[in-house]
Amino acid sequence: MPSLTTLLTATRGRNRLDWTDWLSYAYLLLGLILMFGPVLWLVLSSFKSAAALNEFPPRLLPYGQRSVTVAGQDNPLPLYRAKLADGTMRELAEVRRIGIQSTLVDPKAPDQEFKVNIRDRAPVREFQVAFGNYTEIFEKFSFGTYLWNSVFITVVATLITLLFNAMAAFALSKYRFRGRDAVFLIIISTLMIPPTIILVPNFLVVSELGLLNSLWGVIWPAVATPTGVFLLRQYMLTIPDELIEAARMDHASEWRIFWRIILPLSAPALAVLAIFSVMWRWNDFLWPLIVLSRTEKFTLQLALNAFQGELTTQWHYLLAMTVITLLPITFVFSFLQRHITTGIAASGVK
Amino acid sequence: MSSARTRLVEFPATILAAVLNVLDAPMRAMQRVLGVPRIGWMFVAPNLAILGVFTFLPIVINFYFAFTGGVALYPSERPFTGLENLRTLFDCENFLDPSTCNKDLFWRAIYNTAEFALLQVGLMILFALVTALVLNRKILGRGFFRGVFFYPVLLSPVVVALIWKWVLQREGVLNAFLMGAGSSPVGWLSDASWAFFWCIFVSIWAHMGFYTLILLAGLQAIPADLYEAAAMDGATPWRRFYRITLPLLMPNLIVVLVLGLIRAVQIFDEVFVLTGGGPGSATTFIVQFIYQTGFAEAIHQYGLAAAASLVLAASLLVLTLAQLRLTRRNLAGRTGRDNA
């Protein structure tokens, strides 16, 4: 047996695993459970039917009651394992239930009825995935509208953010006009003015502009990000000025230089800002909550908040909506993890 | 497959190129008028205009709201009341006891926010530091585990709150475990102390990965030969941590501390969805007070909300100035030590 432990604890080019390594792995395992466990539980639960969600204690995997079609009945009937008066156990389908008495029939011979106390019957369960949660939220609620509102805000705000911030960054990194440093300082200083401290006046501005209950009321205040200008400017400073000089020799206009030379060369920085912007706008909550009060203008986040606040929360729908809301971010993350983490570590912003 | 993919990219690209092409003529005209360096103003104009309308103008208007009363939104219909709003907020017999205050919810929110910020940031930095130290070791799957701790950072606050609400509700999985272990279920979100605890826990869960990354970057910047030299001199691991890691990581720790405090003071989204500020006012924080006073209650008291915003802004200003001071001193200290 010692040979097996040596094999298991061997490491490449180093001493054996000592107790600090074991402690590290134990910590990471605990972290894995704590970080991913709740998300996994949410995803698993979202595939359960309303009845399965009501079960306590809950099961790990989605199970539902099996139902059978019985001749002479319009709807499929729920199947039970019932203990009959003579003590035998049989799998029977429930026709109706009055008070504590349940009327059951044999699915193969539906003519004979059995009457059983409801305590003497237990549902027959099978593995059932309730995809219905996902389709019904589009049919029963205007989930499609919320999804579209969120996508519209995210895509349009990100495109405008990229264009405006890149223009400003270009001017601040490649021109020497009077007042340039003051402009840069003004833009950067807004980093210290979080939106939470100007909610009331911003509400006035947006309503004066007629943008209340308009998706543009969420988009416009968000597009001039100081973070984006800073990030792009730092990147554009590394682009050699000779390229611009050469283009001027060829009589290219300044605007053409901007979008034909500078924009394509800044693609890596633009990609980082695009990821940030998508994340910011998709996850926005407080400002949309104030600007968008009509349900048909709700974003996904607002819809989730509204549904969870209802008196009787329909968790089977809410869970499916939550999963759809976290899906795009998870998708982006799993492909671009390295870019996102190095981008954040390098710039220190989020 | 590849042609479909290029078409998918090319289509928006053509539209974008068309839009940008259309802009070329007016920009060319502006260039003729302004000349080359001054055309830069045209490039910064859109950004400055947006910041002017949605950031600088509101800062001015916020003061106007704070010093006027009434329930009207339009400035011309608001009577000037001077310091009345601030006086209402600070109308207290005993500042340490919110129930003696005119606006007791405001003071509860302030004390809740202070308690939350200190506990949340302190614990979060502790866990972020431990995690960064572990991730900085030679371990298998380092990238994977870094991703695991970072993943919740990207989730929206509403989703984060719903994930945990689903776990913590009365018939949730946590209570199922408890009952399986033989104890009785706990109202995690209906008991005031537990609700406060879970607000701290959930917000640490959601934001820790970001701070772990910053600390990890700091750890990786510490030269390895320092540790080798210390080991050669027979320094114990604890001593190496205390005399090398901690001092060299101090600039990062200060950045993380102030960033964390600035965020924690503005806590709203997750808590609002998780507890709604309750039970009672146990988890009502300052931004929620502003939101409720200004927008959610039947009578919109914009003046009071704006005055409370000023109090929040003042505390953020103090934190920002502290950050500038601390980072400057630290940079000076570092260059002094490096002799560079």
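Visitor: In which sense do β4(A) and strand β5 (residues 101-106) of chain A pair, and over how many bridges?

Guide: Strands here are DSSP runs of E of at least two residues, while helices are runs of H or I of at least four, both numbered from the N terminus, and two strands pair if DSSP finds at least two bridges between them. In this case β4(A) and β5(A) pair in the antiparallel sense over 5 bridges. Please keep in mind that this is a predicted model, in which local features need pLDDT of at least 70 and side-chain atom pairs count only at pLDDT 80 or more, whereas totals for chains, interfaces and linings use all residues. Residues are numbered from 1 along each chain as its sequence is written, and chains are lettered from A and ligands numbered from 1 in the order in which they are written.

Visitor: Which residue in β5(A) is the bridge partner of E94(A), and which is that of R96(A)?

Guide: E94(A) has L104(A) as its bridge partner, and R96(A) has T103(A). The two strands form a hairpin with 2 residues between them, and G99(A) in the turn has a positive phi of about 60°.

Visitor: How is chain A divided into domains?

Guide: Domain bounds come from an automatic or database domain assignment. For chain A this assignment gives domain 1 (18-63), domain 2 (67-123) and domain 3 (134-347), and the centres of domain 1 and domain 2 of chain A, taken over C-alpha atoms, are separated by 36 Å.

Visitor: How many residues does each chain bring to the contact between chain A and chain B?

Guide: Two residues are in contact if their C-beta atoms, placed from the backbone, lie within 7 Å. The contact takes 81 residues from chain B and 76 residues from chain A. Helix α3 (residues 40-66) of chain B gives the largest share of the chain B side, 18 residues. That side divides into 59 nonpolar, 13 polar and 9 charged residues, where Ala, Val, Leu, Ile, Met, Phe, Trp, Tyr, Cys and Pro count as nonpolar, Asp, Glu, Lys and Arg as charged, and the others, Gly among them, as polar.

Visitor: How many helices and strands does chain B have, and why is chain B described as more spread out than a compact globule?

Guide: Chain B has 14 helices and 0 strands. Its radius of gyration, taken over C-alpha atoms, is compared with a globule rule of 2.2 Å times the number of residues to the power 0.38; the value for chain B is 26 Å, well over the 20 Å that the rule gives for 340 residues, so chain B is more spread out than a compact globule. Along its principal axes the C-alpha trace of chain B spans about 75 × 65 × 55 Å, and buried residues make up 36% of its 340 residues.

Visitor: Which residues have the most contacts inside the largest nonpolar core?

Guide: A nonpolar core is a set of buried Ala, Val, Leu, Ile, Met, Phe, Trp, Tyr and Cys residues joined through C-beta atoms within 7 Å. The largest has 156 residues, and those with the most contacts inside it are A168(A) and A308(B). Helix α9 (residues 192-220) of chain B supplies the largest share of this core, 15 residues. Leaving aside neighbours within four places in sequence, A168(A) is in contact with I187(A), V229(A), F43(B), V44(B) and N47(B). Apart from this core lies another, of 9 residues, among them Y80(A), A93(A), L104(A) and V105(A).

Note on methods:
A residue is buried if 20 or more other C-beta atoms lie within 10 Å of its own, exposed if 12 or fewer, and partly exposed in between; C-beta atoms are placed from the backbone.
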